[in-house]
Amino acid sequence: MMDLNLDAPHSMGTTIIGVTYNGGVVLGADSRTSTGMYVANRASDKTTQLTDNVYVCRSGSAADSQVVSDYVRYFLHQHTIQLGQPATVKVSANLIRMLAYNNKNMLQTGLIVGGWDKYEGGKIYGIPLGGTVVEQPFAIGGSGSSYLYGFFDQAWKENMTKEEAEQLVVKAVSLAIARDGASGGVVRTVIINSEGVTRNFYPGDKLQLWHEELEPQNSLLDILNAAGPEPMAI
Amino acid sequence: MDLLKVNWGRRKHSLFYYLFLASKQLFPLDLYLFSPNPFRFDQPSSSSRLFDFGRMSQAGVDVPAKGGFSFDLCKRNDMLIQKGLKAPSFLKTGTTIVGLIFKDGVILGADTRATEGPIVADKNCEKIHYMAPNIYCCGAGTAADTEAVTGIFLSNIDMVSSQLRLHRYQTGRDSRVITALTLLKKHLFSYQGHVSAALVLGGVDITGPHLHTIYPHGSTDTLPFATMGSGSLAAMSVFEAKYKEGLTRDEGIKLVAEAICSGIFNDLGSGSNVDICVITKGHKEYLRNYMEPNPRTYVSSKGYSFTKKTEVLRTKITPLMERVEITEVGEAMEE
């Protein structure tokens, strides 16, 4: 009997992506949260709002990433009130980095901060384990990201349009879902630009099928009652 | 100075003192009180602080070493277990707990078996705990932990149900589910998973019906239907097959009962009866032992009787509480 280990801490296996385009950023994530081998939440939302114009993608331990983003949201709220104008993406990333670095022994979470502000435009900052902060034109994270390094080297280009960037993100997350057991569910994207924030949702069974993937079956009864495969004609 | 004095009956508090009290309830993090500027963090003087906000600058106030959980005994326990000592088993609720959102609100369900290792310690325990008149919480995991974290512990003001009540008094409003969620989440995270309480929190507040799951490490999920405990897989299979949005009250209760029964009959850690709690706007119904699918089948009709009768030699009754007479003496108290 497979040991499901339901007492394991909640972790998000995850694939998270952040991509800049000409005019803003697109963030994307899958939606699987696992406890050991059991999927605790198949429709979780890993893209969390920090301010009106800054979002963060969470990966790693669910509890740690939720607490970090809650604290940073609180700090940014106060900062916005004191500053009198929206917080910049750089400040948000820096606050997350402060918490991640100073508590590096206790936390196990990798984050991607993305947003738009009027000074720098669309920016993506990656904050992996350990608490380093790196400003990048695109960032990938989570267990599913291992399968995407080569894909992004080939597919990413500068100055994409909004539609191109979102299609790239959806394609990348669905490729990672196909190969990574700890990623799955639906694809959620967040587009942030000068006009505001748009959230999109792509259900799992509507994603493109890749090499050797089968059509999703809604019921085992359909499989049993379906006709068998046709014999090959020689 | 008089402008700042708020007259609360016979006790005069300054407005700042009231804000101090209110903020102490909402932000147990003492950092907030000692450093009004959130970007100037205190120098931590003890390494046992769970969260370190950095050594940016002195705030001018030397904060003494705060409490926080000391993990020394946990390390000692691990060392003893490695050496071969068998840890004493504690009362666990093997459990199947579920919650779902229906058309008018939230329905929570739970089984009623509490186990101590392989033995059933309590055949009819209550796993659906009261948090607020409009919020209930099912608990799985160590029974003591779920009782303590949700309950009204008179000696320890830290417990969430009492914190919520104080918050209601201070704000004058009904509690919101998200408040209970944040308090529970903070508490469980600060104990880093050692408080083994997995909770399904549900309620209806001014913003609508809400259902959340909280894991022992402090992570939360917001879902339309949820299951937790050892029987969660059995119950989730029922929900995944039959749940749809906009269920009526009867359909919802039937589905919850079916999910709990699935846990009761297919999971060894769950059993006995089904408890259900239906919460709607302004109204709640706690259906204790809604279903009893495991009655005792063979019960002797004669009942129990002892063979040798005990003789009563003497009867003496001593009242433990004296009757107290109160007489009004002196003048009435002045404002």
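Me: In which sense do strand E12 and E13 of chain A pair, and over how many bridges?

Reply: This is a predicted model, in which local features need pLDDT of at least 70 and side-chain atom pairs count only at pLDDT 80 or more, whereas totals for chains, interfaces and linings use all residues. Residues are numbered from 1 along each chain as its sequence is written, chains are lettered from A and ligands numbered from 1 in the order in which they are written, and side-chain values use heavy atoms, leaving out hydrogens and water. Strands here are DSSP runs of E with at least two residues, and helices are runs of H or I with at least four, numbered from the N terminus, while two strands pair if DSSP finds at least two bridges between them. Strand E12 (residues 187-193) of chain A and E13(A) pair in the antiparallel sense, over 7 bridges.

Me: Which strands of chain A stand at the edges of the open sheet of 5 strands?

Reply: The order of this open sheet in chain A is E11-E2-E3-E12-E13, with antiparallel pairing. A strand at the edge has a single partner strand, so one side of it is left without a neighbour in the sheet, and this applies to E11 (138-141) and E13 (196-202) of chain A.

Me: Which helix of chain A lies across E2, E3, E12 and E13, and at what angle does it run to E12(A)?

Reply: Axes are lines fitted to C-alpha atoms, for helices over the stretch in contact (heavy atoms within 4.5 Å), and angles run from 0 to 180 degrees between N-to-C directions. The helix lying across these four strands is H4 (residues 162-179) of chain A, and its angle to E12(A) is about 155 degrees.

Me: Is B:Thr179 buried or exposed?

Reply: B:Thr179 is found in helix H6 (residues 177-190) of chain B, and beyond its neighbours within four places in sequence it is in contact with B:Leu164 and B:His167. Its relative accessible area is 19%, so B:Thr179 counts as buried.

Terms used. Buried means under 20% relative accessible area, exposed over 50%, partly exposed in between (1.4 Å probe, protein chains only).
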